[in-house]
Amino acid sequence: MITANWPELEKKYLMFNIKRPQPVMVRGEGVRLWDEAGREYLDFMAGWAVNALGHCHPAVVSAIQQQAATLIHTSNQYYTIPQIELAKLLIENTVFDKVFFGNSGAEANEGVVKLARKWGKINKAGAYTVISTLKGFHGRTLAMVAATGKPHYQEPYKPLPAGFLNVPYNDIEAIKAATNSETVAILIEPVQGEGGVNPATQQYLEDLRKWCDEEKLLLIFDEVQTGIGRSGKLFAYEVYGVEPDIMSVAKGLGGGMPIGGFLAKQHAAVFEPGDHGSTFGGNPVACAAGIAVLNEVLNNNLSEHAGKMGEYLGSRLRDLMSKHSLITAERGLGLLRAIDLRDEVGAEVVSRCHEEGLLINMVSPTTLRFMPPLIITEANVDEAIDILDQVLGEF
Ligand SMILES: Cc1ncc(COP(=O)(O)O)c(C=O)c1O
């Protein structure tokens with residue numbers, strides 16, 4: 001039942017306005033969302049790769065309900081059990097030794113840069129510059145805008161904080177040329193998500209590891225988007241067999257609850273009490289949700305499932321490519337995939353898909369991104385492909 005003109009009220013009260021007309025979402029279950037008019041949508045956007053288990057997964061709902069009825073928040077002055085349990089689960093299932101919890105991807109990456117700078121003070125004569133890549137994306141805080149190699153996000157906020165350099169992606173020579181005595185770390189997404197779903201080459205990540213070892217630099221992977229099973233492994237570094245020193249996580253970890261954090265190997269875990277902090281970081285409800293998500297992913301081999309579904313989605317998108325000359329390329333890793341379009345019709349394709357009940361995302365006017373929940377089935381993929389097939393036929 002429609003109870004108010006929500007788009008009008010949004011325009012009146014919120015600073016951030018939605019650009020194009022969009023449905024008012026009121027309910028979610030599994031891979032589906034419903035708007036206020038009762039229309040059903042197949043969700044291949046998953047709240048920007050957040051709803052790893054789909055919407056309102058019973059394990060996540062129950063964990064949140066139970067924790068909310070027990071202890072919602074206290075301070076990090078005290079031990080809280082979900083935080084310690086989630087840390088244990090993350091450490092036991094990765095190559096890292098220590099974790100720090102925050103509330104979002106950008107905050108996680110801020111913490112990572114602080115950690116790297118402190119490490120540089122101790123180990124590298126105060127080196128502090130972090131090299132990241134053009135078309136990378138690390139968040140919207142001021143420092144992360146500097147790390148995010150997209151002039152469009154940087155221009156309105158200049159001057160940007162010092163100590164960041166952006167170089168081309170998948171180009172080891174550019175990293176080598178940019179490295180100097182002030183360089184402390186390389187910050188990289190194993191697959192650039194917002195930048196158009198660009199996977200790193202195997203050689204690039206191996207060369208980066210080698211370069212960091214030779215030059216005594218920290219290698220940092222931003223797995224905010226690729227993490228928690230989306231790549232076909234729990235984390236994308238496992239797909240490549242290249243271990244970073246530090247890794248940031250967020251998005252899928254909370255299954256929809258706001259949580260972020262970073263993991264570090266012992267030699268890089270240089271924070272001492274008082275060095276860094278967050279009022280809400282490690283919040284019991286968010287951590288309880290994180291425990292439920294990780295247990296579901298681990299106990300049901302959802303990473304492997306995501307890998308298989310990703311291959312299936314990729315093959316079905318390539319089927320469409322052979323049928324529609326509008327599609328010029330398909331790429332991705334696991335359930336993070338994209339197609340390129342010959343013409344700048346991305347916005348129109350996305351809104352026609354929405355009208356037909358399929359939620360997808362456009363990363364540029366010529367690139368569409370697909371990042372469904374990890375729990376999708378082949379039937380869900382076929383349904384999405386049928387809608388896309390029909391819509392592309394109109395262009
Ligand atoms: C790779 C990557 N890092 C960081 C972020 C920022 O995360 P948040 O929006 O939670 O701050 C994003 C968000 O899309 C991301 O994709």
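Which element gives the most to the lining of the second largest pocket? The structure is a predicted model, in which local features need pLDDT of at least 70 and side-chain atom pairs count only at pLDDT 80 or more, while totals for chains, interfaces and linings use all residues. Residues are numbered from 1 along each chain as its sequence is written, and side-chain values use heavy atoms, with hydrogens and water left out.

The second largest pocket has a volume of about 870 Å³. A pocket here is an open set of points on a 1 Å grid over the protein atoms alone, where a 1.4 Å probe fits and protein lies on both sides within 12 Å along at least five of seven lines; lining residues have an atom within 4 Å of a point. The volume is the space filled by probe spheres set on the points, which are joined across faces, edges and corners. The lining comprises 30 residues, and Gln 83, Lys 98, Val 99, Phe 100 and Phe 101 are the closest to the pocket centre. Two or more residues each come from helix H4 (81-92), strand S4 (98-102) and strand S12 (260-264); helices (H or I, at least four residues) and strands (E, at least two) are DSSP runs numbered from the N terminus. H4 gives the most, with five residues. By class, the lining has 15 nonpolar, 10 polar and five charged residues.

Thr 94 is placed in the loop between H4 and S4. Thr 94 counts as buried because its relative accessibility is 13%, the limit for buried being under 20% with a 1.4 Å probe and protein chains only. A polar atom of the Thr 94 side chain lies 2.8 Å from the backbone oxygen of Leu 90, and the Thr 94 side chain also reaches the backbone nitrogen of Phe 96 at 3.4 Å.

A side-chain N or O atom of Asp 222 is 2.7 Å from a nitrogen atom of the ligand. Oxygen atoms of the ligand lie 2.7 Å from a polar side-chain atom of Gln 225 and 2.9 Å from a polar side-chain atom of Lys 251. The protein covers 82% of the 390 Å² of accessible area that the ligand has on its own, as computed by the Shrake-Rupley method with a 1.4 Å probe.

Methods: A polar contact is a pair of N or O atoms within 3.5 Å; within protein, one must be able to donate a hydrogen and the other to accept it, and residues adjacent in sequence count only if both atoms are side-chain atoms. Ala, Val, Leu, Ile, Met, Phe, Trp, Tyr, Cys and Pro count as nonpolar, Asp, Glu, Lys and Arg as charged, and the others, Gly among them, as polar. Buried means under 20% relative accessible area, exposed over 50%, partly exposed in between (1.4 Å probe, protein chains only).
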